[in-house]
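Take a look at the fold below.

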Amino acid sequence: MSESESESASQPVGEFVLPDYMKDPKSVSSAKLSRHLSTAGFGRLTTSGESPSWVRVHEGKLSSVTERDVRRYLCDDAESLECDDAIVDVVLNTRSVVPALTRLPLLSLDPQSRVGTSIPLLVDDPQTVRFPFENGIVTITADAIRLIPYGAEPWVTPVERVIPHEVDLEAATALGRFETFCERAFYRPTGVGGPDWTADFAMTDDAAEHYRAFQGTLGYLLHGYRDPANPRAVLYVDMDSDQSLAEGGNGKSLTLRALRHLRQTVFQDGKRYGASREGARFQFSNVTETTQLVVIDDVTKAFNFETLFALLTGDMELERKGRDKTVLPAHRVPKVALTSNYVLPPNGTSFERRVYLVEFGSYWTTAHRHGERLSDPKHLGCRLFEAGFTAQAWQDAFGYLFRCVQQYLREGVQPASLDLYRVKALRRELGTEFLDWATEFFETYDVRRVDPQVGEYLTDLCQAMKVNSGDTRCAPTEFAGWLKRVADVCGYEYNPHKADKGNTPTARRWRITSVFGRIDDAVWFVKR
């Protein structure tokens with residue numbers, strides 16, 4: 001045996017057994033102890049903008065440790081070697097622990113980091129979603145849902161991300177309480193009536209379309225992979241909201257709060273989002289490097305989506321009061337979901353290209369109006385995820401969310417039609433008088449048989465609108481833009497013969513001269 005091997009082996013000394021990091025029965029070598037701890041998975045984890053922290057990687061899990069944790073481990077280790085109590089006492093009281101910890105190798109969660117050894121952190125990829133439970137890792141693909149033991153794959157999971165439940169993939173039933181809640185959240189009134197108000201609600205075709213989109217968005221939010229080609233936020237709104245009424249209580253926030261049980265989620269108060277310069281600076285102070293989902297709850301009608309677009313596609317700055325600013329790289333930025341009780345105008349294709357919008361029904365709001373609660377026997381019989389939520393109900397809820405993830409992996413998010421929402425948004429922005437006139441204008445447009453060679457003068461149409469609607473707010477310079485926006489919602493193309501010039505009223509401007517010498521801007525529409 002070489003000298004180094006001799007030093008590293010546990011040695012009997014009289015009636016004692018010495019751990020390999022001890023020089024003699026009364027002394028611990030900090031260098032040897034550091035090597036021993038490193039072999040047992042201890043290290044110093046580097047994070048951006050922070051000092052290294054002590055951690056341990058053991059049986060596929062990553063946990064933060066303190067000096068006391070290390071001493072406890074060493075005592076257990078010494079006792080497992082059947083060391084004498086005197087040796088255990090030396091280990092317990094040695095001053096070599098902290099010097100040994102400062103010499104531990106550096107570890108990093110960033111695979112691109114040049115500082116420290118990279119840890120293969122448990123992550124999702126485009127085809128696979130993983131949820132770490134106490135009894136294994138639920139691994140979901142488009143074709144299968146499996147439970148894989150820790151250590152079967154090279155992934156390392158931070159213990160704070162381990163879901164504090166044991167999961168049984170065979171136990172979930174077809175329709176649990178949480179799934180029932182979600183399904184009814186999309187019921188629409190049918191006008192049928194009945195002895196009880198619930199008889200008037202059903203899963204209409206429109207409701208089913210939005211419910212399907214909702215299930216896809218749950219899967220999207222739970223999928224930890226950020227697709228750089230499809231950066232989206234999720235927006236949940238109420239179907240009954242309009243330009244003056246703010247509805248609520250339909251289940252939007254509660255469904256998103258359920259995701260906390262699978263992903264690390266932080267909530268922001270939408271009413272205060274960006275309310276002040278300082279508030280905007282520290283808006284994401286509760287977001288950490290392990291945050292997976294940010295929910296901005298109950299945003300107001302003044303919310304500016306432009307503030308989110310950069311966050312969806314780029315890095316994320318985190319600033320806490322009294323601490324240095326840190327930056328999360330784009331691939332580690334959490335996904336974003338929002339709820340609102342107001343109609344938020346979908347301003348153009350940039351909005352719809354970056355937002356999955358889902359309209360909730362009014363079933364649960366109506367229940368509240370009738371003084372009924374979720375926990376009533378006629379509804380769920382318990383409060384979701386609280387006392388009385390049985391072990392079976394937990395398994396059902398997990399099973400439902402797993403199926404939503406699998407649906408997303410198979411088909412993505414199938415967006416529901418936004419036509420009605422666009423009309424409500426335009427009504428809020430442009431006014432009821434103008435929108436009623438413009439809607440009727442397009443409903444009767446084909447019957448009027450406008451000559452495509454000469455179209456109609458915009459100034460004449462603007463004057464007719466003011467006379468017939470009573471809306472005098474719209475100036476002739478704004479009229480073309482307003483009319484085109486309603487045309488887009490109603491499915492009509494604005495001056496299609498000018499489409500090669502661009503997509504704005506200015507780009508598609510059409511000047512004509514009448515037989516009487518009148519020169520003016522004209523417009524002509526074609527159904528898409």
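Strand β7 (residues 61–64) pairs with β13 in the parallel sense, over two bridges. K61 has T157 of β13 as its bridge partner. Strands here are DSSP E runs of at least two residues, numbered from the N terminus, and two strands pair if DSSP finds at least two bridges between them. This is a predicted model, where local features need pLDDT of at least 70, side-chain atom pairs count only at pLDDT 80 or more, and totals for chains, interfaces and linings use all residues. Residues are numbered from 1 along each chain as its sequence is written, and side-chain values use heavy atoms, without hydrogens and water.

Now widen the view. The order β9-β8-β5-β6-β7-β13 makes an open sheet of six strands with mixed pairing. β9 (117–118) and β13 (157–158) stand at the edges with a single partner strand each, so one side of each has no neighbour in the sheet.

Next, the helices, which are DSSP H or I runs of at least four residues. Two packed helices are described by the angle between their axes and the distance between the axes. Helix α17 (residues 458–469) packs against helix α18 (residues 476–490) at about 90 degrees, with the axes 10 Å apart. Axes are lines fitted to C-alpha atoms over the stretch in contact, and angles run from 0 to 180 degrees between N-to-C directions. So α17 is roughly perpendicular to α18, a term for angles of 65 to 115 degrees. Which residues of α17 meet α18? They are L458, L461, C462, M465 and K466, and they meet P476, F479, A480 and L483. Contact means heavy atoms within 4.5 Å.

Key:
Parallel < 35°, antiparallel > 145°, perpendicular 65-115°, else oblique.
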